[in-house]
Amino acid sequence: MKISITDVLVVGGGLAGLRTAIGAKRRGLETLILSLVPAKRSHSVAAQGGMQASLANGVKGEGDNEDVHFEDTVRGSDWGCDQRVARMFAHMAPKAVRELAAWGVAWNRVQRGEREVVINGQRVTLTEKAAAHGLITARDFGGTRKWRTCHTSDGTGHAMLYTVSDQAIAEAIPVRERIEALALIHDGERCHGVVTRDLISGELSACLARATVLATGGYGRIWGISTNALINEGMGAALALETGVARLGNMEAVQFHPTAIVPAGILVTEGCRGDGGLLLDRDGHRFMPDYEPEKKELASRDVVSRRMAEHMRAGKGVQSAYGEHLWLDITNLGAAHIDRNLREVKDICRYFLGIDPAKDPIPVRPTQHYSMGGVRTDHRGESPWLSGLFSCGEAACWDMHGFNRLGGNSVAETVVAGMLVGEYVADYCQSRVGQADLSQALARQFVERERAALAAIVAHPGGENPIALRADMERVMTDKVGLFRNGPDLQSAVAELSELLARSRRVGIRGKHLDANPELVLAYRLPRMLKVALTVALGALNRVESRGAHFREDFPARNDRDWLNRTLACWREGDELPTLDYEALDVMHMELPPGFRGYGVKNIIEHPHSALRQAEVDEFRAGHLDRYKLQLALMSFKQLLPVRYRGRNARLDETLP
Amino acid sequence: MNSRSLTFNVFRHNPRDAASQPRVVQYQLEETPGMTLFIALTRIRETLDPGLNFDFVCRAGICGSCAMVINGRPGLACRTLTAELPADIRLFPLPGFELIADLSVNTGKWMRGMSERLQAWLHPRETADIDALEARMEPDLAEAIYELDRCIECGCCVAGCGTAQMRPDFVGAVGMNKIARFRLDPRDARSDAEFFDLVGDDSGIFGCMSLLGCHDVCPKALPLQTQIAYLRRGMARQGWSAKPAS
C-alpha cells in the first residue's frame with residue numbers, strides 16, 4: 001500500500017484550496033492538493049457577477065469602506081454570522097482583489113467621464129472621476145449599500161480561478177487530479193491525513209499530513225435541481241461528519257438563488273439585476289417594488305427568492321411545461337451592454353434556452369445555490385474538535401455568512417479565507433502540536449476499512465439500486481427541505497431520509513470492477529450524501545424560527561431571544577441520526593447589535609441584550625472617534641489576523657498613514 | 001410534433017482491462033424537449049448502462065470538462081442540443097489525449113504539462129503592496145486581456161488540430177493563445193524574445209500548418225487565427241531585428 005507524507009494536504013482544487021496551498025507553500029511547507037477534477041474545472045469557475053471588496057473607486061462606491069461592507073454582510077446574514085470573522089473578511093477583501101490584480105486577473109476598470117447606466121429601470125448618466133481612471137471598477141449587487149462588486153465581465157470566477165491555478169503551477173504545487181478523499185485518518189483527537197481513491201485506476205492509498213484542509217465546496221447536489229456543479233455533493237462535510245468528532249455548523253442554512261434558468265437550473269448572475277435588470281410576472285408587471293419598496297430587485301437573495309415564490313403562489317407565475325416561473329428582463333440594458341458585461345449570460349441563454357437576452361426575457365425561478373453551513377471551524381479555519389483538520393471556502397462554516405450570504409461574498413470568501421488559512425495552517429505545522437508524529441499504522445487501518453467497504457459493495461448480490469435511491473433523496477430535499485419549510489414536512493423528510501440511509505447500505509451494482517466506474521462511485525457516495533441530507537433536514541426541523549434563508553412557515557419570526565445561535569452537528573459512530581447542539585452568539589460583544597435588516601418582513605422576537613448592547617454602541621458612536629478607533633472600541637479583531645495582513649487599506653480618499 | 005427516437009453510437013473501451021476491445025455500443029432514447037447531450041448521456045447511464053464513463057462538471061458550458069467528438073466534430077457535449085443533430089448520433093472521446101475510459105479523457109494532465117512547459121502564468125515585474133491602490137490599467141486593455149483569458153482548456157482545439165495528431169509535444173492553439181494573452185499583459189515582465197523562445201519551434205508556432213481547425217471548433221469563439229498570425233508576425237519581426245549569434 002502506498003503511503004505518501006506531506007506537511008499540508010489540501011482536499012479540493014477550487015479557489016479556496018488553491019489559495020490556501022499557495023500560502024502554505026510560500027511559508028516553506030511541502031504542500032499537496034487533491035482534486036476530483038482538474039483544478040480549473042472546479043465550481044469556483046461558475047462564479048459570474050463578481051467579488052465584493054470596498055475599494056470605493058467608482059462614483060457609486062464613494063464613501064464605501066470596510067465598515068459598510070461589514071454591516072451589509074451582517075445584515076445579509078440576518079445576524080447569524082460570527083461578526084469578528086465578518087470583520088476579518090471585510091478588511092481582507094480589498095487586499096485579495098489587489099493581490100489578484102497583481103497576479104493577472106483582468107479586472108474591469110473605471111473609465112473616466114460620463115457613462116450611461118440603468119438604475120431602478122431608468123437610464124441615468126454617471127460621471128466617473130478622472131482620478132479613478134484605470135482603477136478597478138465595481139457593479140451593484142443585492143443587499144449592499146454601495147456598488148462594491150469587482151468583476152471581469154460576468155466571468156469573474158473563471159478569471160480568478162485561472163489566475164490562482166496558474167500561480168499554483170508557478171509555485172510548483174502538485175495537484176493530484178481525479179483523486180477522491182474517502183475518509184479522514186484520525187485518532188479521535190488529531191487528524192493524520194486522508195484515505196484516497198484514484199478515480200481512474202481505483203487504487204486506494206493513504207496520504208499523511210500534519211494539516212489537512214477540506215476545501216471541497218458545498219452540498220447543493222443533494223437537491224434535485226441546483227445551480228451547483230455536479231461534483232458539489234457535500235463530500236467534505238461527510239468526511240468531517242464520519243469522524244464522529246468534528247462538527248458541522250448551520251447545515252440547515254441553504255441559499256436559493258432567485259435567478260436560475262428554467263428548466264436547466266443554470267445560474268444567471270445577480271449582476272443582471274445589479275446592472276438594472278427587472279423581475280416581471282405573467283402580466284409583464286414589475287412586482288418586486290410592491291413587496292420591497294426600498295431595495296426592490298436588489299434585496300438580499302433569501303428575500304428576493306421568497307418574494308418570487310410568494311408572487312407565484314398568488315397566481316402570478318408563468319405556466320410552462322416545466323412548471324411555473326417568472327421573467328428576468330434585461331432587454332432594457334441593451335445589446336451593447338450585454339455583449340460586454342453579461343456575455344456568459346448571453347451564451348447560456350443562447351445554448352440552453354435558444355433566446356437572445358437582449359430581445360427576450362429569461363425564464364427563471366429560485367433554485368438551490370449555496371451552502372452557508374459546512375465544517376465548523378474557528379476563525380483560523382481549524383476544527384475545535386479535531387486538531388489538524390482545517391476547512392475553508394464554501395465547505396466551511398467559518399462563519400461569515402450566517403443564515404444568508406450576499407452575492408459577491410462567496411468568491412471573495414474563497415480567496416480571503418485561503419490567504420488567512422494558508423498562514424494559520426503554516427503556523428500550526430510549525431507548532432509543537434503540528435510536529436507530533438503521524439501514524440502509518442493508523443493509515444493502514446483506515447485504508448483497510450475503506451477497502452473492505454468497497455469490496456462489500458462489489459460483492460453484494462442484486463440489492464438496492466443506488467440511482468433510484470439518489471432520485472428519492474433529491475425529491476425529498478426538493479419537496480420538503482426547500483425555500484419554505486414546515487414542521488410536518490421536515491418530520492417526514494427526516495423519516496424518509498433515514499429509511500433511504502438504511503437502504504443505501506444494501507446497494508448492489510452491476511459493473512463489478514474497482515477502477516473508473518461511475519456506478520461504484522455513486523454507491524459509496526450515496527450513504528455519505530444521505531448523512532449530509534439528514535443533518536440539513538434535522539437542523540431545519542429543530543430550528544423553530546425563521547432566519548435568513550431558513551424560513552419556517554410555522555415559525556415566521558426571527559427569534560433572537562431563543563435562537564440567536566449556531567447549530568452544531570456531529571454523527572457518533574453507530575448512531576442513526578446526528579446529534580445537534582447549539583453555540584450561542586454573544587450579543588454583548590457584537591459590533592452591530594441585532595436589528596431590522598432594512599428589507600424583508602420585519603418580524604423579530606428581540607433578545608433581551610439587544611437594546612442594552614445598542615445603547616452601549618450608541619454611546620461609543622456619540623464619542624466621535626475616528627472610524628478606526630471607534631471600530632477598535634466596539635469589537636477588536638485585528639489581533640486575530642496574521643501580522644502581515646494587519647495594515648490599513650488605501651483608497652483614493654483614504655491614504656495610508 | 002412527434003418526438004424522435006435517437007440512436008446514440010457511443011465509443012466504449014477500458015484501456016486498463018486487457019479483455020476490453022474498443023467498440024461502439026448503441027443506445028436508444030426518446031428525444032425530449034430541450035434535450036442536451038448532458039441530459040441524454042445521464043439518462044443512458046441512469047436507465048441503460050450505469051457503467052458508462054463521461055465527464056460533466058458544470059453542465060453549463062463554462063468548465064470545459066465535457067468536450068468530445070460529436071458526429072465528427074469536437075464540441076462541448078453539455079450545451080449541444082440533440083435537436084440540432086440528426087437522429088443518429090456518434091460520440092467519441094477527444095483524440096490527442098490519454099483515454100481514461102469510454103468518453104472520458106485526461107485533458108487535465110495534458111493542460112498542466114503544457115502550462116509548465118510554456119510557463120503559462122503571469123511573471124510579475126515586482127511584488128505588489130496589496131495595502132496600496134492597485135496599479136492602473138486602461139479599461140480597454142483589461143477587456144482585451146480578458147478576451148484571450150476566456151479559454152476554458154476544453155481541448156477542442158487540440159482535437160481539431162492536424163499537427164497535434166502528429167506531434168505529441170505540440171502546444172496547440174490553447175498554448176499559443178496563452179502566450180498571446182500574457183504577452184498582451186503589461187504586468188508580465190517577460191520580453192518578446194522570451195515569449196518567442198517558448199513557442200519558437202516545431203512544437204509551437206512553426207508546427208502550425210495553418211489548417212485552423214482550432215479556430216473553427218473553439219466553443220468560446222476565441223480569435224485563435226489572428227493570435228497565431230500575430231505571434232508568427234511578431235516572431236518574424238524579432239528574428240529580423242535580432243543580432244546574429246556570434
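Author: Start with one term. A residue is buried when its relative accessible area is under 20%, and exposed when that area is over 50%. Partly exposed covers the values in between. Keep in mind that this is a predicted model.

Reader: Is Thr163(A) buried or exposed, then?

Author: Its relative accessibility is 6%, so Thr163(A) counts as buried. Thr163(A) sits in helix α4 of chain A, which spans residues 156-170.

Reader: Which residues does Thr163(A) touch, leaving out those up to four places away in sequence?

Author: Contact means heavy atoms within 4.5 Å. By that test, Thr163(A) touches Leu100(A), Trp103(A), Gly104(A) and Val105(A).

Reader: Now take Pro124(B). Where is Pro124(B) found?

Author: Look at the loop of chain B between α2 (107-118) and α3 (139-149). Apply the cut-offs again. Pro124(B) has a relative accessible area of 41%, so it is partly exposed.

Reader: What is Pro124(B) in contact with, beyond its neighbours within four places in sequence?

Author: The partners are Ala102(A), Arg187(B) and Ala189(B).

Reader: How far apart are Pro124(B) and Thr47(B) in sequence and in space?

Author: They are 77 residues apart in sequence. In space, the C-alpha to C-alpha distance is 52 Å.

Reader: Let us move to whole chains. How many helices and strands does chain A have?

Author: Chain A has 18 helices and 22 strands. For chain B, the count is nine helices and seven strands.

Reader: What does the radius of gyration say about chain A?

Author: Compare two values. A compact globule of 657 residues would have a radius near 26 Å; chain A has 24 Å, so the two agree. The C-alpha atoms of chain A fill a box of roughly 70 × 60 × 50 Å along the principal axes. For chain B, the box is roughly 65 × 45 × 35 Å.

Reader: What share of each chain counts as buried?

Author: In chain A, 68% of the 657 residues are buried. In chain B, buried residues make up 56% of 246.

Reader: Which share of the contacts in chain A joins residues 24 or more positions apart?

Author: Take the contacts with a separation of 6 or more. In chain A, 73% of these join residues 24 or more positions apart. In chain B, the figure is 62%.

Reader: How is empty space found?

Author: Rolling a probe the size of a water molecule over the atoms shows where empty space is left. In the whole structure, a search finds 14 cavities of 30 Å³ or more. The second largest cavity has a volume of about 150 Å³.

Reader: Which residues lie closest to the centre of the second largest cavity?

Author: Of its 14 lining residues, the closest are Ala39(A), Lys40(A), Ser165(A), Ile169(A) and Glu177(A). Two or more lining residues come from each of α4 and β7 (175-177) of chain A, and α2 of chain B. By class, the lining has seven nonpolar, two polar and five charged residues.

Reader: What about the second largest pocket? How much space lies in it?

Author: About 790 Å³. Its lining has 28 residues, with Glu242(A), Arg449(A), Ala453(A), Arg505(A) and Lys531(A) nearest the centre.

Reader: Which element gives the most to the lining of the second largest pocket?

Author: That is α12(A), with six residues. The lining divides into eleven nonpolar, six polar and eleven charged residues.

Terms used:
Residues numbered from 1 in each chain as written. Chains lettered and ligands numbered in written order. Predicted model: local features only at pLDDT ≥ 70, side-chain atom pairs only at ≥ 80, totals over all residues. Heavy atoms only, no water. 1 Å grid on protein atoms, 1.4 Å probe; cavity = no way out; pocket = protein on both sides within 12 Å on 5 of 7 lines; lining within 4 Å. Points joined across faces, edges and corners; volume = space filled by probe spheres on them. Helix = DSSP H or I, 4+ residues; strand = E, 2+ residues; numbered from the N terminus. Nonpolar A, V, L, I, M, F, W, Y, C, P; charged D, E, K, R; others polar. Rg over C-alpha atoms; globule rule 2.2 N^0.38 Å. Buried < 20%, exposed > 50% of the residue type's maximum accessible area, 1.4 Å probe, protein only.
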